[in-house]
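Subject: Structure handover

Hello,

Here is the structure I said I would pass on. My notes on it follow below.

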Amino acid sequence: MTTRSIPDAKDLEAPTRPAGSSASSTAPRDARGTGASSPRRRSVAWLGFTPFAAYVLLFLAIPAVIAVASGFFSASGSFTFQNLQAFADPTILKAFQGSLLVSLVSAVLGAVIGALVCFALLGTKAEGFLRTVVDAVSSVLAQFGGVMLAFAFIATIGFQGFVTLWLKSTFGFDINSDGALLYKVPGLIIPYTYFSIPLMILTFMPAMEGLKATWGEAAATLGATRRQYWIRIAMPVLAPAFFGSLLLLFANSFSSFATAAALLSQGGIVPLTIKQQLTSETILGVANTAGVLALGMLVIMVVVMFFYSLLQRRAARWQR
Amino acid sequence: MSAVPLTSVAVEPTTEPAAPAPRARRAPRVGAEHSRLARVVILTLVGLVFLVPIVAMFEFTLRTSGKPGVYSFAHYASVLHPDAAAGVDYTPLFQGIQNSLLICVITVAIVLLLLLPTMLFVELRYPRLRRVLEFVCILPITIPTIVLVVGFVPVYQRVAAIFGSAPWTLAFAVGIIILPYAFRPIATNIQAFDLVTLSEAARSLGGSWPVVIWRVILPNMRRGVISAVFLAVAVVLGEYTIASFLSQTTFQTALLLISQQDPYVATIFALAALIFAGILLVVIGRFGAIRPGDRERRAAARLARASRRTA
């Protein structure tokens, strides 16, 4: 009897609803509540979501809505589209251009180099020490960096940086001859690539591992060379995952703030412009131009993430 | 088909004996497998490039200001004995570290007491809501932190009215941005064992729900929960955007502040934090790699090695 009552008591499928309630009358065990057996209990069970839902609502939904909505209100609090004119402002346009440039270049560099590293890691044991270290270092550099990476690069290619001095003394070449490379928007590409590569390794490795050995063997039996295997089989299979990861790198660079904030005091990329807006005009704590910029970023992110999910779905076809 | 041996397209002649050769000596390279040389070259090259900024940081901390080429550990000593006369004050840094650690504790509590129970609840009672929960938890990756911050500023005016504007209140905001990092390992872990069957079995043996969760479910979730917690800690310690906009002193904001007074000590702390986080994650990585039965196997291997040495 116990075994029979369980599927009902589990009550995972809604269609078993009437059966579930009848089971509760026949099976005494259910009184202790293996599952939500009566309609009343079921509605009470929903309350289980309350704490998490309230938290997400308060700290995710509301801030996100405020951020976007604030762009549509004037300083006096009336609804307006006026703020959208900010997109005609040359400095703001430049900031978007700067952000797009830095994110795109660092994403492409990161994706290509990261994919090469994944390729190199292919033959290693997934649970081995090398892989663990690569994973750990990748997570640290991809997620944890921020301000600290800025320091690292000041120490490397800043005016008195390790590499700067070395290049100067050995080759007489000054990488900072046109002013500090690191403190300009294109200079951001270097640290951004530095944290993009580890992110690529983390996101692309599962796809690389998904390449079935049998496909290679099948191709080989049919007489394909390794070159043919890569061009005809592996690359088409990996392409969705590769471009998906590339989009993720782009999104990550596009939204990152800490490294740039530690390096540049001026604007030049969108997050820094938002910072300027927020710190300069904090009328009632709602900076409206910041809201418009936030909206602009969000639109770009939504587009990127839409394509990302499309590519993920395609990529998933070849996995497992 | 099976009559055609794989070696028909062998790159090297198949002089190896057909006897069960160990995997490492598989003669023809088929499929994605690359040569050992390629692996060593790529990994060494990229590894070295990645090491350069870290080494540069270390070299920087050893420098003596104004005297190129003179290296010492003087700056390391000054962390403990700051030169008060020179107006150097590291208290914000230590304050920031304290605040960050407190935020870590609360954020971990959010993961363990809010996210984890909700995920288990969905899995056990409303599995069809799995996608919804996943969507919500992954969402913060899509919304740049800086965008959320624009919305946090007004929200925190209310929060400050209720809880005061103490640094620990940041944990609520940070808890949101770590959701994706905490969600993934826990979700993967849930997929990896038969949660529903196990809990049904435990229930039918008479266990109450708290007992089932504590004695049956949580022990199976150790790997996922530990990774989630450690990742959360790493992200919290590295969080800068929210703290800087809500004008709180955390480790990262203090680091930037101190770097204007004493770049050497700021770099020492940055380096230490990077290394600490790296070690932390290697530890979880190894933890994750340990499978049930591994310990016995490893103990056996150790025993075998020891006996070989003594023999």
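**Between the two chains**

Across the interface of chain A and chain B, the rule finds 0 salt bridges. Please keep in mind that this is a predicted model. Polar contacts do occur across the interface of chain A and chain B: 4 residue pairs qualify, with both residues at pLDDT 80 or more. On the side of chain A that touches chain B, helix H4 (residues 50-69) of chain A gives the largest share, 12 residues. By type, the residues on that side of chain A are 65 nonpolar, 22 polar and 9 charged.

As for extent, 96 residues of chain A are in contact with 99 residues of chain B. The two chains bury about 8100 Å² between them, and 76% of that area is on carbon and sulfur atoms. Three residues, A:Phe52, A:Phe59 and A:Phe144, supply 10% of the area that chain A buries against chain B, more than any other three residues.

**Salt bridges**

Over all chains, the structure holds 4 salt bridges. Three of them are described here, starting with the one between the side chains of A:Arg131 and A:Glu209, where N and O are 2.8 Å apart. This pair links distant parts of the chain, with A:Arg131 in helix H6 (residues 129-144) of chain A and A:Glu209 in helix H9 (residues 189-209) of chain A, 78 residues apart. A:Arg131 counts as buried because its relative accessibility is 5%, under the 20% cut-off. A:Glu209, at 39% relative accessibility, counts as partly exposed.

In chain B, B:Glu123 forms a salt bridge with B:Arg130, and the closest N and O atoms are 2.9 Å apart. B:Glu123 is buried, with a relative accessible area of 10%, whereas B:Arg130 is partly exposed at 36% relative accessibility.

Another salt bridge joins B:Arg184 and B:Glu134, the closest N and O atoms being 3.5 Å apart. Here too the pair links distant parts of the chain: B:Arg184 lies in helix H7 (residues 179-192) of chain B and B:Glu134 in helix H4 (residues 130-142) of chain B, 50 residues apart. B:Arg184 has a relative accessible area of 45% and is therefore partly exposed. B:Glu134 also counts as partly exposed, at 28% relative accessibility.

**Chain B as a whole**

Chain B has 14 helices and 2 strands. Of its 311 residues, 45% are buried. Among the contacts in chain B with a separation of 6 or more, 71% are between residues 24 or more positions apart. Chain B exposes about 16400 Å², and carbon and sulfur atoms supply 66% of that area.

**One residue in chain B**

I also looked at B:Thr253, which sits in helix H12 (residues 251-261) of chain B. Is B:Thr253 buried or exposed? B:Thr253 counts as buried because its relative accessibility is 14%, and the cut-off for buried is under 20%. A polar atom of the B:Thr253 side chain lies 2.8 Å from the backbone nitrogen of B:Thr250. Leaving aside neighbours within four places in sequence, B:Thr253 is in contact with B:Tyr240, B:Ala243, B:Ser244 and B:Gln248.

Regards

Note on methods: Residues are numbered from 1 along each chain as its sequence is written. Chains are lettered from A and ligands numbered from 1 in the order in which they are written. This is a predicted model: local features need pLDDT of at least 70, side-chain atom pairs count only at pLDDT 80 or more; totals for chains, interfaces and linings use all residues. Side-chain values use heavy atoms; hydrogens and water are left out. Contact means heavy atoms within 4.5 Å. Buried area is the accessible area (1.4 Å probe) that two parts lose on being put together, summed over both. A polar contact is a pair of N or O atoms within 3.5 Å; within protein, one must be able to donate a hydrogen and the other to accept it, and residues adjacent in sequence count only if both atoms are side-chain atoms. Helices (H or I, at least four residues) and strands (E, at least two) are DSSP runs, numbered from the N terminus. Ala, Val, Leu, Ile, Met, Phe, Trp, Tyr, Cys and Pro count as nonpolar, Asp, Glu, Lys and Arg as charged, and the others, Gly among them, as polar. Buried means under 20% relative accessible area, exposed over 50%, partly exposed in between (1.4 Å probe, protein chains only). Accessible areas come from the Shrake-Rupley method with a 1.4 Å probe; for residues, only the protein chains shown count as cover.
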